[in-house]
Amino acid sequence: MPAIFFGHGNPMNAIQTTPYTTAWSRLGSELPRPKAIVCVSAHWYLPGTHVTANDRPRTIHDFGGFPRPLYEVQYPAPGAPELAQRVSELVGAAPDTRWGLDHGTWSVLVHVYPQADIPIVQLSIDETQPAEYHYDLGRKLAPLRDEGVLVMGSGNLVHNLHTYAWGKHEPEPFDWAVRFEASAREWMSSGDHAPLVGYEKLGRDAQLSAPTPDHYLPLLYILGAQQDGDAVSYPVEGVDGGSISMLAVQIG
């Protein structure tokens, strides 16, 4: 199976038809069907590494101020307790039955796999750990790809809500966002992950593009899961609101 990082952007993508959601739907028809999915979402960010072990994970509406139809979305995919145990063995994650599927996961998957019939577990992001830790966990998850499991990250390469244009018009992307994404693509295409793991040292463009780690770190799990001979492609592109990169990165 490939490993894929999705730029998930605005939660409204769950119920709207946009170029991004259309591309997600197309991916769902083109990808080999996974036996299960492990998703690292920007929105399960807490002290510790946990993995959902529910039989029936709940749909979490972890946002506020959006239209009612968004809160009515349900994504009733089954859980995968056996896979959760496997993930726990690989990365030392603690089983968790309180969390479910947050919008970083379901706002994308309602388009990729709308039947909600593929088992899913989420893996949390330990906010106390440095970037190298998260990249290394991606390396430890790589064997799952040979077991028919889709390893998925959901966040945004560029995610700056302070500069996001909330109006209806679509502004030009900020120059720093364009430069950082272009540099990141060059590094990823060449297999040079070190600058992206050390992104906090890359200067102003990176600081503006990833002012907080939560949406950036899921990418490192996907880069860590890359294996020899894997091609890198970008099946979804674009910048929303001037400062949210919707780039998807497919490994393999």
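Me: A crossing is left-handed if the near helix is turned anticlockwise from the far one by less than a right angle, and right-handed if clockwise. Which hand does the crossing of α5 past α9 have?

Reply: In this predicted model, α5 passes α9 in a right-handed crossing. Helices (DSSP H or I, at least four residues) and strands (E, at least two) are numbered from the N terminus. Here α5 covers residues 131-141 and α9 covers residues 217-224. Residues are counted from 1 along each chain as its sequence is written, and side-chain values rest on heavy atoms, without hydrogens or water. Since the model is predicted, local features need pLDDT of at least 70 and side-chain atom pairs pLDDT 80 or more, while totals for chains, interfaces and linings use all residues.

Me: What angle and axis distance do α5 and α9 have?

Reply: Axes are fitted to C-alpha atoms over the stretch in contact, and angles run from 0 to 180 degrees between N-to-C directions. For α5 and α9 the angle is about 40°, with the axes 6 Å apart. The two helices are therefore oblique to each other, a label for angles that are not under 35 (roughly parallel), over 145 (roughly antiparallel) or 65 to 115 degrees (roughly perpendicular).

Me: Which residues of α5 and α9 meet?

Reply: Contact means heavy atoms within 4.5 Å. On the α5 side you will find Ala 131, His 134, Tyr 135, Leu 137, Gly 138, Arg 139 and Leu 141; facing them in α9 are Leu 217, Leu 220, Tyr 221, Leu 223 and Gly 224. By class, this contact of α5 with α9 holds eight nonpolar, three polar and one charged residues. Asp, Glu, Lys and Arg count as charged, Ala, Val, Leu, Ile, Met, Phe, Trp, Tyr, Cys and Pro as nonpolar, and the others, Gly among them, as polar.

Me: How does α3 pack against α5?

Reply: Helix α3 (residues 81-91) and α5 pack at about 125°, with axes 9 Å apart. That makes α3 oblique to α5. The contact joins Val 87, Leu 90 and Val 91 of α3 to Leu 137, Lys 140 and Leu 141 of α5. Its residues divide into five nonpolar, no polar and one charged. Here too, the crossing of α3 past α5 is right-handed.

Me: At what angle do α1 and α4 cross?

Reply: Helix α1 (residues 19-30) and helix α4 (residues 103-112) cross at roughly 60°, their axes coming within 7 Å. That makes α1 oblique to α4. Thr 21, Trp 24, Ser 25 and Gly 28 of α1 touch Ser 107, Val 108, His 111 and Val 112 of α4. This contact has three nonpolar, five polar and no charged residues.

Me: Where does Val 232 sit?

Reply: Val 232 belongs to strand β7 (residues 232-236). Neighbours within four places in sequence aside, Val 232 contacts Met 188, Gln 226, Val 249, Gln 250 and Ile 251. Its C-alpha is 8.5 Å from that of Gly 191, 41 residues apart along the chain.
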